[in-house]
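Hi everyone, thanks for coming. Let me put the structure up, and then we'll walk through it.

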Amino acid sequence: MSDTLSADSLKGTARYTWGGDEFLFVEISEAMSLAANFKSNSMATRLGGRALAGVTEICPANASLLVRFDPDLLGAADLESAMREIEVEVDNASHPVLNTRLIEIPVWYDDPYTRETGARFRSGHQRPEGTDLDFAAEVNDLSGADEFIRRHHSSPWLVSMVGFVAGLPFMFQMVPREQQLEVPKYLSPRTDTPPLTVGHGGCFACIYSVRGAGGYQMFGIAAAPIFDPAQSLADFKDFMVFFKPGDIVKFRPVDEVEYKSIKEQVDAGTFVYKQVPVTFDLAEALGDPESYNTKLLENLNDS
Amino acid sequence: MTLEILEPGLSTTVQDRGRFGHYNVGIPQGGSMDQLSAEIVNALVGNTAEEAVLECTYLGPKFRTSAPAVIAVGGAPVEVKVNGATAPQWEAIELAAGDEVSFGFLQGGTRYYVAVRGGIDVPLVLGSRSTYALGALGGYQGRKLAAGDQVPVGDTASGEVLGAIAPELRPAFPAETEIRVLLGLYDHRLTAAGLATLLESTWTLTPVADRTGLRYSGPEVEWKEREQPFGAGSDPSNIVDAGYAVGSIQIPGGKEPIVLHRDAVSGGGYAMVATVISADMDSLARSAPGTKTRFVAVSMEEAVAARSEGKALRRSIWG
């Protein structure tokens, strides 16, 4: 990718700092990139593998990593030196890959639920006329909402962080930076967002896991749950949160009829996500993103 | 045994020590905001420190017991009433079946805790009974209490009822407070003047204070201007969305610092500049709107020493 940071440029650059006496914060890079996210995720995985006594939470984020520890069991200096060792290991890994999964997420774009909510909060919006999709198309110099939607679902997205609220995925588009869709957040956050809204703020897409406040532009609604505290669907049998950092997402546009059919399957408890195991190769993805993505997405057709 | 909720109060929730290990997917630690007060009331009724209690906010509930019970109320100062007659705070209270418990107005602080011998016996969810209302998870049906709820109480307390706690062990609820912080995270993004403003001003807690965080009013804090990194957002107080340390202080747009507390979102795009030390998270939770607050920078060594002192104090409660 032309101006995207390579893995090499991030060697040994992490910044270590403390969030009080219980949190170590490791900033991989000030800027978002696939390579920074890959490094954060790799460090998190390796730290988990060490099963260090006193480490209580390992939270990889977009371009940083937050580690919670119990200072009664593990001294701050010991944790920092372990993390610095891990950083060197990750930097020196010869051919970094991530064993993950590719998941198809059915989305009803330009749906009436997010349209209605968008209309209710129109007065303070950057573009009071039209919809969030119209605004997103305009700021990305695209012909219109349809073209924006096509660009949104034609490339894969990497889940670069899960959080904010329970189970909400932040997703980073796996295309060169100059092709990435970027849309400013709402000027003032909404007090309401429908659950499963597919949103966008800055360079990140998200899916709102629960109803509530939000500042991302709204483009559509995912048809199936991503957070299921009752664990009623098969995909949630092991855990109530669906997404993990490192997951790769392909949005698939659905119409009203299919949206409602999926909803019925969800209510009947029979819905399962289409997903396949894949190996994500950072060097290949950065080298020739277009053909890499084509090859990656073919995995869904074969399944 | 159950507590029948006659009036729910403003926001009464089931809480325990918290839910750990799932912050990486955005599930907050939750738990009693004022852990020390919750621990003391548990000790008073002979529970372990792990039992769940009711956290009452400003305006408490009114409830009736279905069987004889032992309760204790501690935390923010409030009048406790049993069948309309005043009963003591910070002492075990024996109740008969059908007794009605209610509360007067708060005389300081924000939250008080009701422990019942046997503990509030809602199901464990991800290892905790704490209520995470936004995720409709844990506690009593994943929400704050409502009139008509029948809150179950366990029957397995084995500890001795302590009776009362020494006055010097009871937490204070002052109108002015000093909160110790460790600078770090993104403090280098503040100008020297901005950092001085944070540490040298007296901040006033606004009414925007709940389980997710506390917002303070005071002077504007200056951020360094810069060309923002890719993905970080346009304001100098923005960063590429990152994990939030519990207790961290963010100052969106340089106005009204927010200190995140136990139910805070797990991450976001605002730079944090300091973090309240673990020993002072309870003091923070005891602040009422209007509390004059100074943030005092300490070292990691001082933070760890303060944590040890807090632990020693808690050990002394259990005798």
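Predicted model: local features only at pLDDT ≥ 70, side-chain atom pairs only at ≥ 80, totals over all residues.

Residues are numbered from 1 along each chain as its sequence is written, with chains lettered from A and ligands numbered from 1 in written order.

How many helices and strands does chain A have? Eight helices and twelve strands, taken as DSSP runs numbered from the N terminus (helices H or I, at least four residues; strands E, at least two).

Now the sheet. Four strands of chain A make an open, antiparallel sheet, ordered β1-β2-β4-β3; strands pair if DSSP finds at least two bridges between them. β1 (15-19) and β3 (55-60) of chain A each have a single partner strand, so they sit at the edges with one side lacking a neighbour in the sheet. β3(A) runs antiparallel to β4 (residues 64-69) of chain A, joined by five bridges. In β4(A), A:L65 is the bridge partner of A:P60.

Helix α1 (residues 34-50) of chain A packs on this sheet, touching β2 (23-27), β3 and β4 of chain A; contact means C-beta atoms, placed from the backbone, within 7 Å. Then helix α2 (residues 76-92) of chain A lies across β1, β2 and β4 of chain A.

Technical notes:
Contact = placed C-beta atoms within 7 Å. Axes fitted to C-alpha atoms, helices over the stretch in contact; angles between N-to-C directions.
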